[in-house]
Amino acid sequence: MKEESSGVMAFDALYTNNQIQKLKVLLPYIEPSMQKHMAIYIKYMELNYTINLFKKHPFQICSTNKAEKPDLGKLCRELKPYCTEGEAKQLDQMSSIFQTMEMYQEMSQTMSSMQELFPNMGADMGNNGSSSSMESLLMGMLSPEQKAMFEAFSNQEPTNQANKET
């Protein structure tokens, strides 16, 4: 059975009660011809319980800190147990892209900071005058796949900035 995330378990615990949980435990012991009806009844009870809970206590289901940017990698990991194999592969790809984008942003910030601290360090390293020695150093730390992603993002940046200026 798939391991449930803590968020799913918390949600399920909040919107049920012991009576409903007992019916879920009893479900496999009921005659097979009645299990379908019992399952529908259990879901009806959960819906009814949730509606009544919101009427009595109109509270927010969960809160997020809007100042904090969401951890998209964590979101992908939490969704993965509920996905088909193909969907899980897509989530892995998305997670990899998110990591690469974060790494690109961090490297860009680091390079900007280093150029501010050491303005003379931006000497040409043989890449048509576009790479500093610091960039070469940082690029040397990346895997070939990460380099390709970094270069793809680097090539898009001027286009995006030109669009922002217009």
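# Notebook: helices, salt bridges and surface patches

I began with Ser95, which is found in helix α5; helices here are DSSP runs of H or I of at least four residues, strands are runs of E of at least two, and both are numbered from the N terminus. The model is predicted, so local features need pLDDT of at least 70 and side-chain atom pairs count only at pLDDT 80 or more, while totals for chains, interfaces and linings use all residues. Residues are numbered from 1 along each chain as its sequence is written, and side-chain values use heavy atoms, with hydrogens and water left out.

**Entry 1: Ser95.** Is Ser95 buried or exposed? I found Ser95 buried, at 12% relative accessible area. Buried means under 20% relative accessible area, exposed over 50%, and partly exposed in between, with a 1.4 Å probe and protein chains only. I then looked across to Leu72: its C-alpha lies 7.0 Å from that of Ser95, although the two are 23 residues apart in sequence. Leu72 belongs to helix α4 and is partly exposed at 30%.

**Entry 2: the chain.** I counted seven helices and zero strands in the protein chain. Of its 166 residues, 19% count as buried.

**Entry 3: helix α5.** This helix covers residues 85-117, Glu106 among them. I checked its length: the 33 residues should span 48 Å at 1.5 Å a residue, and the end C-alpha atoms are 48 Å apart, which agrees. The expected span is 1.5 Å times one less than the number of residues. The buried residues of α5 include Ala88, Leu91, Phe98, Met103 and Tyr104.

**Entry 4: salt bridges.** I took a salt bridge as a side-chain nitrogen of Lys or Arg within 4 Å of a carboxyl oxygen of Asp or Glu. How many salt bridges does this rule give? The count is five.

- Lys43 and Glu46 pair at 3.2 Å, N to O. Both sit in helix α3 (residues 32-56), three residues apart, about one turn of the helix. Lys43 is exposed at 55% relative accessible area, whereas Glu46 counts as buried at 12%. Lys24 joins Lys43 and Glu46 in a network of salt bridges.
- Glu78 pairs with Lys74, their closest N and O atoms being 4.0 Å apart. The two are four residues apart in helix α4 (residues 72-79), about one helical turn. I noted Glu78 as partly exposed at 33% and Lys74 as partly exposed at 42%.
- Lys89 pairs with Glu85, with 3.9 Å between the closest N and O atoms. They are four residues apart in helix α5, again about one helical turn.

**Entry 5: surface patches.** Patches are made of residues with over 30% relative accessible area and no salt bridge; like charges are joined within 9 Å, and nonpolar side chains (Val, Leu, Ile, Met, Phe, Trp, Tyr) within 5 Å. Which residues form the negative surface patch? I listed Glu68, Asp71, Glu102 and Glu106. Asp and Glu count as negative, Lys and Arg as positive, and His and the chain ends are not counted. The place of a charge is taken as CG of Asp, CD of Glu, NZ of Lys or CZ of Arg.

I also found a nonpolar surface patch of Leu72, Leu75 and Leu79, with about 230 Å² of accessible area together. Accessible areas come from the Shrake-Rupley method with a 1.4 Å probe; for residues, only the protein chains shown count as cover.
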